[in-house]
Amino acid sequence: MKRVIWMISGLNRRMMKLLVALALIAYIASVWGTYTNMRSIQEQGDLKIEQIVEEAVAPLKEKIHDLEQSVSQKYPPVKFLSEKDRKRILITGGAGFVGSHLTDKLMMDGHEVTVVDNFFTGRKRNVEHWIGHENFELINHDVVEPLYIEGLAKRVGARLLLASTSEIYGDPEVHPQSEDYWGHVNPIGPRACYDEGKRVAETMCYAYMKQEGVEVRVARIFNTFGSRMHMNDGRVVSNFILQALQGEPLTVYGTGSQTRAFQYVSDLVNGLVLLMNSNISSPVNLGNPEEHTILEFARLIKSLVVSHSQIQFLAEAQDDPQRRRPDIRKAKMLLGWEPVVPLEEGLNKTIQYFSRELEHQANNQYIPKPKAARMKKGRPRHN
């Protein structure tokens with residue numbers, strides 16, 4: 001009996017060992033399985049997270065690609081010029097009305113252009129379509145702090161082009177005005193600062209040319225109009241167009257019998273480039289010899305806008321030039337230049353530009369009020 005009990009007891013001990021061993025194996029298997037499952041879940045989780053991130057980033061990548069494409073394609077077409085033909089050109093006031101159009105022309109011709117402007121009357125959006133281009137640089141700077149461009153021109157052997165004006169002729173006693181006419185200017189009148197300022201600028205340029213040997217070109221610019229004109233600059237074209245578009249009276253000073261000659265901005269820019277590349281060191285008139293009275297001009301704009309505005313006559317301004325018309329024989333003969341854009345065609349383009357500007361500003365809750373004229377101590381401006 002004892003032997004039987006002992007055998008059962010031994011059997012139980014072996015069974016217990018076996019059961020413990022099986023339990024241990026089962027535990028190890030369970031732990032291993034749990035670890036394996038957890039690792040699998042983690043890997044799947046990582047893959048899922050990567051997939052979610054990829055799905056979120058994909059649209060951003062597409063937008064970045066679109067932006068890169070738009071940046072690389074946004075510039076107007078530019079010619080390729082070899083190193084010897086490509087010029088490096090500095091334009092002060094290059095974000096303004098005329099300056100920005102000159103910038104466009106020179107950039108598209110393949111030159112490297114640096115624009116300096118303080119954005120007082122110029123605007124960055126006049127040249128923003130060139131920002132980022134390898135040939136273009138924009139510097140925010142006021143020339144009240146000297147750039148010493150005349151010294152720079154001397155040091156690098158550059159040519160200096162001065163944008164002068166028909167205002168140097170004053171209220172002329174000679175008609176039409178040729179470059180050898182010295183002018184008729186009141187040196188202490190309400191227009192004197194601008195008139196005499198441009199006259200002395202010419203004087204200083206030619207003195208520097210004689211003293212230092214720097215090449216100088218001088219363009220005497222007659223009335224110019226076109227897109228990118230400042231809406232509140234007080235000039236006759238912008239005034240009349242704004243007044244006509246907004247249904248306000250077109251303000252004419254005196255009887256309106258004063259005459260002016262208006263050229264479209266693209267004609268002027270072509271003349272400036274030709275003059276800059278020429279060997280003509282003396283001043284050259286750039287303007288349209290087609291002469292109109294201010295009253296005729298007001299009526300023409302009123303008709304093109306199809307406006308119901310009335311024409312309002314105000315007191316005549318002091319020293320307002322009575323007749324102005326350029327003699328452009330010199331430009332024709334030596335530059336082969338003359339205006340080609342018809343007056344009405346240029347005016348229609350300018351009217352469209354001002355209409356878009358008014359619409360844009362209306363959406364921004366600001367409507368500019370056209371100034372009757374730029375007034376400084378009683379000085380209106382019919383330029």
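**The second largest pocket and its surroundings**

Modeller: In this predicted model, helix α4, which spans residues 192-212, gives the most to the lining of the second largest pocket, contributing 3 residues. The complete lining consists of I168, E179, Y181, W182, R199, E202, T203 and R220. Sorted by class, these residues comprise 4 charged, 3 nonpolar and 1 polar. The volume of the pocket is about 170 Å³.

The loop between β4 and α4 has a feature of its own, for P176 lies there. The peptide bond that joins H175 to P176 is cis, with an omega of about -10°. In general, most peptide bonds are trans, and most residues other than glycine have a negative phi.

I turn next to the strands. An open sheet of 3 strands runs in the order β4-β5-β10, and its pairing is parallel. At its edges stand β4 (159-165) and β10 (284-286), each of which pairs on one side only. Between β4 and β5, the latter covering residues 215-221, the parallel pairing extends over 7 bridges. Within this pair, T165 is placed opposite I221 of β5.

A further open sheet, likewise of 3 strands, has the order β1-β2-β3 with parallel pairing. Because β1 and β3 are the edge strands and have a single partner strand each, one side of each is left without a neighbour in the sheet. Here neighbouring strands are turned against each other by 15° on average, again with direction ignored.

On to the next pair: β2 and β3 are joined in the parallel sense over 5 bridges, and V116 stands opposite I139 of β3.

F119 is found in the loop between β2 and β3 (136-140). Although F119 is not a glycine, its phi is positive, at about 60°. Its relative accessibility is 22%, and F119 therefore counts as partly exposed. R228 is placed in the loop between β6 (224-225) and α5 (236-245). Phi of R228 is also positive, near 75°, in a residue other than glycine. With a relative accessibility of 17%, R228 counts as buried, because the cut-off for that class is under 20%.

To return to the part with which the request began, the pocket of about 170 Å³ has R220 among its lining residues, and strand β5 covers residues 215-221. R199, E202 and T203 also belong to that lining, and helix α4 covers residues 192-212.

Terms used
Residues are numbered from 1 along each chain as its sequence is written. This is a predicted model: local features need pLDDT of at least 70, side-chain atom pairs count only at pLDDT 80 or more; totals for chains, interfaces and linings use all residues. Side-chain values use heavy atoms; hydrogens and water are left out. On a 1 Å grid over the protein atoms alone, a cavity is a set of points where a 1.4 Å probe fits but cannot get out, and a pocket is an open set with protein on both sides within 12 Å along at least five of seven lines; lining residues have an atom within 4 Å of a point. Grid points are joined across faces, edges and corners, and a volume is the space filled by probe spheres set on the points. Helices (H or I, at least four residues) and strands (E, at least two) are DSSP runs, numbered from the N terminus. Ala, Val, Leu, Ile, Met, Phe, Trp, Tyr, Cys and Pro count as nonpolar, Asp, Glu, Lys and Arg as charged, and the others, Gly among them, as polar. Two strands pair if DSSP finds at least two bridges between them. Buried means under 20% relative accessible area, exposed over 50%, partly exposed in between (1.4 Å probe, protein chains only). Axes are lines fitted to C-alpha atoms, for helices over the stretch in contact, and angles run from 0 to 180 degrees between N-to-C directions.
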